[in-house]
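Have a look at the structure below, and then we will go through a few of its features.

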Amino acid sequence: MTGPFYNPGPSVASALRGAARGLLAGAALLALALPVAAEDYPADSSIDWQSWDSGLFDESEARERPIFFYFHGQWCTWCRDFQDESLENPSVVDVIDEHYIPVLVDLDERADLFRRYGGRGLPFVVIVNHEDEMLTRFTGHVNARDLESILQAQRDMFSVTGREITPDDAAIDGLETFMEMLDEVYDERADRLSGSATFGTLSKRPQPWTYRYLLASDDWEERMPGLLDQIAEDLYDEVEGGFFFFHDPDQRDPVLALETSKRLDQNAAFLWLFSEAYEHIGDEHYAEIARGIRDYLRDHLWDARQLRFGNSQYADRDYYQLDPETRTQTDPPRVDRNTYADTSGQAIAALANLARVLEDRDTLEWAREALEALDRYLLTRSGYLHGITAGGRPAMEGYLPSQIWPEIARQELARAVEALDGERPDLPDPVAALDRLEPFFDAELGTHAERIGTDLEPWSETRTQAALAWWLYRLPDDAIEASHIDRDTVRDRLRIEPGADPDDVALGFDALRRGF
């Protein structure tokens, strides 16, 4: 058979790689024919931004200036506000110009750097010295006066989590302590996971993977309908479907409380959550929400001509304040048409899961088609590229999440086919896919590094280790035993430090709970 379950021989694999190169070139030619989009930040910026390069640290030492990293997303409302009101303030521009090396980093293109420096949300600023030692970091919109003071001082460290971490704070490394922490942050009156625990205060970002984990907990059975209904009320778009990025319940202005960008990865997680909420609880409303997310992905983020997902839809407060009828007659916010292997893999896996739960063969076929195209675009002999830009330019090699999520999608797709057809399809040898991870294993770290092929010191991320655990949970034992991977090494990495999000580890803890 053909498709994402087919294991090609060497000659066929070579042909596929040639087809992939052709598609990349074709995508680039197609982009030349498309209308040119309006320029985004840093167009017309007064700051002389540089792009990331490992030679920045040598420049920092030679010029005796720290590096000012600004992580942003074109889709992010608060980034635009921060840029317009603070970064581009003449006093701030002068300080940056005189004392810093300013580096602009797109979160999605360099998700590895964002995670490495502890990014949790946007806008995100990190200041480091020439030895890559952190001097300052903060998340959120800081006004121009405060930003200028921070830059002048070059010493203030701001907690990303809203409180300072103390030496007495311990990591969570087990299912029991994980559940204890979630009990502590559960706010019964608000039907949210938003309270403060000894572990730390949760970020404003929702936690769909954690909600999914709690669906299977008997102790949370009575709480889950309220949590699910509240998160849908906060973030679900009843007009066009899909979930907005986050809602701040502490913000009194309802317009400012809602971050109206919509991201592929987060919508994939919510699609998976509400599909399984329907499966566990049986409330048809949850199935309707899942279908609404599916339709949003198809109508807005999916490119039916190029057979690939865009990564996000821009925020637009004014657009989403329009009444439904006017909205349908107004051009929607722009979509970032860059495609990434990890977020696309999440979307495909979620679509396969919906197809299984709702016995939806059309969605199953769409998921199959999307995975086949993702392989053609991004799968090389050494593994998946991180992504491909809207213009057809390949983006970054050697990123671990990009190797894992397409394989999770392949497993979830096979599970859906088995559920609908009663027979599990043939899959490529999983040992070959696992072997592509071997270059990522770092003996000093004792685990797989987040990046290879970079001058940065190796590091690992809990969120990626959790996804790896879930993939391994779905694989036959003999495949894992035949590979370089040691289960205990992966299990040992399933822990979250104080201040981190439960979602970072929830998928991995679910694998542990199921017997990984």
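Asp58 is exposed, because its relative accessible area is 56% and exposed means over 50% (buried is under 20%, partly exposed in between; 1.4 Å probe, protein chains only). The model is a predicted one, where local features need pLDDT of at least 70 and side-chain atom pairs count only at pLDDT 80 or more, while totals for chains, interfaces and linings use all residues. Residues are numbered from 1 along each chain as its sequence is written, and side-chain values use heavy atoms, leaving out hydrogens and water.

Now for two residues side by side:

Helices here are DSSP runs of H or I with at least four residues, and strands are runs of E with at least two, numbered from the N terminus.

What does Gln465 touch, leaving aside residues up to four places away in sequence? Its contacts are Leu400, Thr447, His448, Ser460, Val490, Arg493 and Leu494, where contact means heavy atoms within 4.5 Å.

Stepping back to the chain, its secondary structure comes to 22 helices and 22 strands. Of its 516 residues, 55% are buried. Among contacts with a separation of 6 or more, 70% are between residues 24 or more positions apart.
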